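I opened the model this morning and kept notes as I went. The entries follow the order in which I looked things up.

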Amino acid sequence: MSRTYPGRMDETNGAATAWADCVHCGEPTEYPETTRGATLCPVCEWQEGQRLACSG
Ligand SMILES: [Zn+2]
């Protein structure tokens, strides 16, 4: 029972997707580079949501 788990390299089916960088911290986001507007990584997106939720 010592089978190593293979990397999940097949998810994108070989299509190289260029991910946009986060406009806040420069980390890669979950959005493709073709996404319009400001792209945020999950972390900054969450923080942005917190800020909006707690504004005031
Ligand atoms: Zn970020």
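How many helices and strands does the protein chain have? I found one helix and two strands, taking helices (H or I, at least four residues) and strands (E, at least two) as DSSP runs numbered from the N terminus. Along the sequence the elements follow the pattern β-β-α.

Before going further I noted that this is a predicted model, in which local features need pLDDT of at least 70 and side-chain atom pairs count only at pLDDT 80 or more, while totals for chains, interfaces and linings use all residues. Residues are numbered from 1 along each chain as its sequence is written.

Entry on confidence. I looked up pLDDT, the predictor's confidence in each residue, from 0 to 100, and found a mean of 82 for the protein chain, with 70% of its residues at 70 or more. Among the elements, β1 has the highest mean pLDDT (95) and α1 the lowest (92).

Entry on the strands. I saw that β1 and β2 pair in the antiparallel sense over two bridges, where pairing requires that DSSP finds at least two bridges between the strands. Aspartate 21 has proline 28 in β2 as its bridge partner. The hairpin has six residues between the strands, and glycine 26 there takes a positive phi near 85°.

Entry on proline 28. Leaving aside neighbours within four places in sequence, proline 28 is in contact (C-beta atoms, placed from the backbone, within 7 Å) with Trp19, Asp21 and Cys41.

Entry on histidine 24. I located histidine 24 in the loop between β1 (19-21) and β2 (28-32), partly exposed, with 16 other C-beta atoms within 10 Å. Beyond neighbours within four places in sequence, histidine 24 is in contact with Leu40 and Cys44. Its C-alpha atom is separated by 9.5 Å from that of glutamate 45, 21 residues apart along the chain.

I read α1 as residues 42-53, 12 residues reaching 16 Å from first C-alpha to last, close to the 16 Å expected, where the expected span is 1.5 Å times one less than the number of residues. Zero of the 12 residues of α1 are buried, so the helix lies largely in the open. For the protein chain, buried residues make up 9% of the 56 residues.

Definitions and conventions:
A residue is buried if 20 or more other C-beta atoms lie within 10 Å of its own, exposed if 12 or fewer, and partly exposed in between; C-beta atoms are placed from the backbone. Two residues are in contact if their C-beta atoms, placed from the backbone, lie within 7 Å.
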